[in-house]
Amino acid sequence: MASMTDADLATMTQEERARALGMTTEQLTGKSLYIEFDPDAEERFTYPWAPEVDFNKRTEIDTDDMTSTEVNSRIRALMAEGFGTIVLKNPRGKHSLGVGILSRLNLIVEGSTGYFGVGLIDGPNVRINGRVGWSCAENMMSGTVMVEKNAGSTFGAAIRGGDLVCRGSVGSRTGIDMKGGTIIVGGDTGALSGFMMQRGRMVVCGNAGKNLGDSMYDGTIYVGGKVESLGVDAVDAEPDDHDRAWLRRKLTQYGLMPEQGVDHFRKIVAGKQLWNYDNLEPNEKKLIL
Amino acid sequence: MAGTQYRGSEITDVDQFLNDADGLVSEREKEIGQHIGYRYDVNLTPDYDRLTPFLVKYMEVMGWDDLNWLEDVHMGYEDGRPAVFDRNNNGWVRIPDAISLPDNQQDRDMIARELLVKFQMSDRHPLTSLRKAYMKF
């Protein structure tokens, strides 16, 4: 297995490749799945397969006559050539632009994007000068996304990490099912924001619509303006100095620090009343068993 | 009836789950034989005064002004051993005994972040083999 080269693997079927690399479906009984860190691991900052890019190497793509797939393929090709800053011109609201970028990159979109823009990204820093449609940066893993104008609904759906920022206002269900990361809204957010939130932080500098944080399991929501209503199991908590220091740092970083500071921000967390850890009470189990 | 109120216990000591792997404190936890909730504070935001030199360099390479996705990485505990959850592997990765643990969660979290980045970027991460076996393009 250790002597298997990439050239050898390329000649195999997928099943043969998986077996040659030790990925089989045999019984795991009696085997340990524990993995331990190597304390002497090499200092490496990017994935082994990530292209070597230079932020100072810049290029542009005029996307006017291109499909989304062609644009995304072109971005990958340019990254393979070492371009670390790519500007997309004339995006004209195309859907799914800049999805699946899994390494460091500065991506600048000069205009507005359609649905599912920059989804599934892991590492890049994205600036969008216009507006974005539904589900911008859904399933984002890491990196930063800055939207200069307004965003549609389900902004940052299921985000897992990174900073997603909208300087304007966003639609409803912002950060639905978010599992990590930070969503910052400079303006207002719509109804059901933070719905089923499991982890991470959401900061709304303006007002929040009804049912904020409905059915949230964990995570924190900070709101600077009015909250129309809280959702099921979303409760107020007292912000402490650590919260305020974090808010100041984050909002200053993105140029969204309110004139009156952060002392007026309200903190919303899960009441943990919906936490279920077993389907049946022991007494109920006894009745059945 | 289940699910009507929080009946887990609170984390009171940084070594709580090293000293007591089961972590059954509340009456409800003892009753069901299962610890309720996370074994670390998932909402704890990082103290930037405690960054390690490696993490400072990582932020610089990635072009970030803060820890970005690593703000959600903490040191947790698996079977009474310190460990970090690796989302790319969907499992825990243990801290070797050779690494001594600081006496506070913030410094432990910084160690966890550094080790996790080094592991994810190394050739021994399972994702490297998975990519070779299953990547379609």
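Read along the sequence, chain B follows the pattern α-α-α-β-β-β-α-α, which amounts to five helices and three strands. Helices (H or I, at least four residues) and strands (E, at least two) are DSSP runs, numbered from the N terminus. The model is predicted: local features need pLDDT of at least 70, side-chain atom pairs count only at pLDDT 80 or more, and totals for chains, interfaces and linings use all residues. Residues are numbered from 1 along each chain as its sequence is written, and chains are lettered from A and ligands numbered from 1 in the order in which they are written.

The C-alpha trace of chain B spans about 50 × 40 × 30 Å along its principal axes. Of its 137 residues, 29% count as buried. A residue is buried if 20 or more other C-beta atoms lie within 10 Å of its own, exposed if 12 or fewer, and partly exposed in between, with C-beta atoms placed from the backbone. Two residues are in contact if their C-beta atoms, placed from the backbone, lie within 7 Å. Among contacts in chain B between residues at least 6 apart in sequence, 56% join residues at least 24 apart.

Two helices of chain B, H3(B) (residues 53-62) and H4(B) (residues 105-120), have axes that come within 9 Å and cross at roughly 55°. H3(B) is therefore oblique to H4(B). Angles under 35 degrees count as roughly parallel, over 145 as roughly antiparallel, 65 to 115 as roughly perpendicular and the rest as oblique. Axes are lines fitted to C-alpha atoms, for helices over the stretch in contact, and angles run from 0 to 180 degrees between N-to-C directions. The crossing of H3(B) past H4(B) is left-handed, a term used if the near helix is turned anticlockwise from the far one by less than a right angle (right-handed if clockwise). From H3(B), Phe54(B), Leu55(B) and Tyr58(B) meet Met110(B), Arg113(B), Glu114(B) and Val117(B) of H4(B). By class, this contact of H3(B) with H4(B) has five nonpolar, no polar and two charged residues. Ala, Val, Leu, Ile, Met, Phe, Trp, Tyr, Cys and Pro count as nonpolar, Asp, Glu, Lys and Arg as charged, and the others, Gly among them, as polar.

Two strands pair if DSSP finds at least two bridges between them. E1(A) pairs with strand E3 (residues 91-94) of chain B in the parallel sense over two bridges, and Glu36(A) stands opposite Arg94(B) in E3(B). E1(B) pairs with strand E2 (residues 81-86) of chain B in the antiparallel sense over four bridges, where Glu78(B) stands opposite Arg81(B) in E2(B).

The contact between the chains takes 53 residues from chain A and 44 residues from chain B. On the side of chain A that touches chain B, the elements giving two or more residues include helix H2 (14-20), strand E1 (35-36), strand E5 (122-128), strand E6 (142-147) and helix H4 (241-253) of chain A. The residues of this side divide into 21 nonpolar, 19 polar and 13 charged.

Chain A has five helices and 12 strands, and its C-alpha trace spans about 65 × 60 × 40 Å along its principal axes. Of its 289 residues, 42% count as buried. Among contacts in chain A between residues at least 6 apart in sequence, 26% join residues at least 24 apart. E5(A) is mostly covered, with six of its seven residues buried. Strand E4 (residues 106-110) of chain A pairs with E5(A) in the parallel sense over four bridges, and the bridge partner of Leu107(A) in E5(A) is Val126(A). E5(A) also pairs with E6(A) in the parallel sense, over five bridges; in E6(A), the bridge partner of Ile128(A) is Val147(A).

Asn72(A) lies in helix H3 (residues 68-80) of chain A. Asn72(A) counts as partly exposed because it has 18 C-beta neighbours inside 10 Å. Not counting residues up to four places away in sequence, Asn72(A) touches Gly98(A) and Val99(A).
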